[in-house]
Amino acid sequence: MELIIAIRERLRRILITVQEFSLFTVAVLRATFTPPFHATETVQQLYFAGIGSLTIVVLTAAVAGQALALQLARELSNSGAKSELGHFMVISVVRALGPVLTGMVVASRMSAGITAEIGAMRSSDQIDALVAFGTDPMKRLVVPRVIALLVSLPALTIIGDALAVGGGGLVGLQYHLPWPMYVNGVLKYLTPKNLLVGMIKPFLFAIMITVVACWKGFGSEGGAKGVGASTTESVVISSVGILVLDGVLTRLVFRLLDW
Amino acid sequence: MIELRDVDYSINGRTILTGVSFSVARGETRVILGPSGSGKSTILRLLMGLVRPDSGSILIDGEDITQLDEERLRQIRQHIGMVFQQGALFDSMTVGENIGFSLLEHGQEGEAEVEAAVLRHLVLVGLDEDLIDRMPDELSGGMQRRVAIARALAARDPRILLYDEPTTGLDPQSSARITDLILELRDSYGKTSVMVTHDIADAFKVGNRITMLDEGRIAFDGLADDLDRSPLPLIEEFLAPFRKAVAAAYRRLPPGGGAGRASTGSSLSGGTP
């Protein structure tokens, strides 16, 4: 009997959490597309999210792209199909690996930063102070971060993809694949459909990362320990969320495009 | 001006306040006294409309704020300044940006006018003008509280001021500066105030009337002298450490040195022990 009560209570809490998160997401989306907008705060967040994440994205994309290209080039070369390296790099980087890798790197950095900052503001009454001075925390704190990531994550994904695919060409040279042949392969498969599959993801990842990070920040309780726990949860949820969302989106897009 | 009628408030099934009623007249300072966890700060959050009660009504200038939508609440808040526990200064902004926050955010004033207002309020709370570009974490606790008071005052010159434990954690000198400032704001500027504290000396110094809370219920409501003379065991127990401290301070004074007692009329008054 106690077990049933415990399970029922657990389910009730899960449902309440899902409801709260859904309402928060709707409120964020509504606030994001309605004025007023805090321009200065948005520009600061754009700098933090975009320029601040550039180094780790470049580094990760270059290293991961090179490793992937090495694996592919070796296998394709052995089977006499090294001319297909560009084709395989576009499919694997632009459609799958690029958005996920960039999303994960940016999520780990931004989720932690956003949750910790908002959580610290919550525990020191700064959020209540904003409300007391007539400022909507959703507009002041959440919307600039959503806009910043909506702009910067797709841009960072493009940069990461370009570096990874470009690096593939350099690896191809080591396997005696001429640069023009590699570029032709890349351009042939850089179709609108492939780009659509790859570029729809960062926009949705951006919304998911910021909504989760802000929600966890606003909900953090219990001082430094609570902020630390919320920050950890935020990074874990965002990272796992990216993988889950990637799987769902890939299936959905494949079905919609009738692939 | 402010009236709470039979207010109940609970959170996550835990009762915080039960049947709380009191009123604050224009230009009066009401002190809410009580041990930690008795629901003192919750009353300020209710008055600010940051949380809503389960039942009862809260009237500000005759308008029940428990029934208002967020937009109207925002308008009401324009007449209320709140000094949060520990100041709650925005740590990513300078002192000047903190004080001018409300004017920069919602006002029509130009930068020069905002800066002039910031400097005026810095001087009003007894701080140097050259602190304007400092960050909050470069200031002492007492200075941070005074910046918080300046920020509350600069926000459209509020008629009501709410202080949440404004002297907690401060040294006696800084604490005295803050309470002197609160008195000045009441006596010279006619501000209506509600101050939450667990410091009895502060309560007797600034309060016209005192409300004492115990586990979310009002245990005492009246004048400071009446609290001093109250025979209730709970109040006796709460005042005992303070009485001991005052008695010890008097024993240390040279003969005839006890003449400097404050003039609130209470046998307990006399500043921070």
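The legends below describe close-up views of a predicted model.

**View 1. Chain A as a whole.** Chain A contains eight helices and zero strands. From the N terminus on, its elements therefore read α-α-α-α-α-α-α-α. Along the principal axes, the C-alpha atoms of chain A fill a box of roughly 65 × 55 × 35 Å. Of the 259 residues in chain A, 40% are buried. Among contacts in chain A between residues at least 6 apart in sequence, 88% join residues at least 24 apart.

View 2. A:Ser124 sits in the loop between α3 (85–123) and α4 (126–132) of chain A. A:Ser124 is partly exposed because 19 other C-beta atoms lie within 10 Å, and a buried residue needs 20 or more. The C-alpha atoms of A:Ser124 and A:Gly223 are separated by 8.2 Å, although these residues are 99 apart along the chain. Apart from neighbours within four places in sequence, A:Ser124 is in contact with B:Gln86 and B:Ala88.

**View 3. The contact between chains A and B.** Ten residues from chain A and 16 residues from chain B take part in the contact. On the side of chain A that touches chain B, four residues are nonpolar, four are polar and two are charged.

**View 4. The largest nonpolar core.** This core has 124 residues, and those with the most contacts inside it are A:Met89, A:Ile209, B:Leu47, B:Met82 and B:Leu162. The element that gives the most to this core is α3(A), with 16 residues. Leaving aside neighbours within four places in sequence, B:Met82 is in contact with A:Ala132 from chain A, and with B:Leu44, B:Met48, B:Ala152 and B:Leu162 from chain B. In soluble globular proteins, nonpolar side chains tend to be buried together.

Conventions
Residues are numbered from 1 along each chain as its sequence is written. Chains are lettered from A and ligands numbered from 1 in the order in which they are written. This is a predicted model: local features need pLDDT of at least 70, side-chain atom pairs count only at pLDDT 80 or more; totals for chains, interfaces and linings use all residues. Helices (H or I, at least four residues) and strands (E, at least two) are DSSP runs, numbered from the N terminus. A residue is buried if 20 or more other C-beta atoms lie within 10 Å of its own, exposed if 12 or fewer, and partly exposed in between; C-beta atoms are placed from the backbone. Two residues are in contact if their C-beta atoms, placed from the backbone, lie within 7 Å. Ala, Val, Leu, Ile, Met, Phe, Trp, Tyr, Cys and Pro count as nonpolar, Asp, Glu, Lys and Arg as charged, and the others, Gly among them, as polar. A nonpolar core is a set of buried Ala, Val, Leu, Ile, Met, Phe, Trp, Tyr and Cys residues joined through C-beta atoms within 7 Å.
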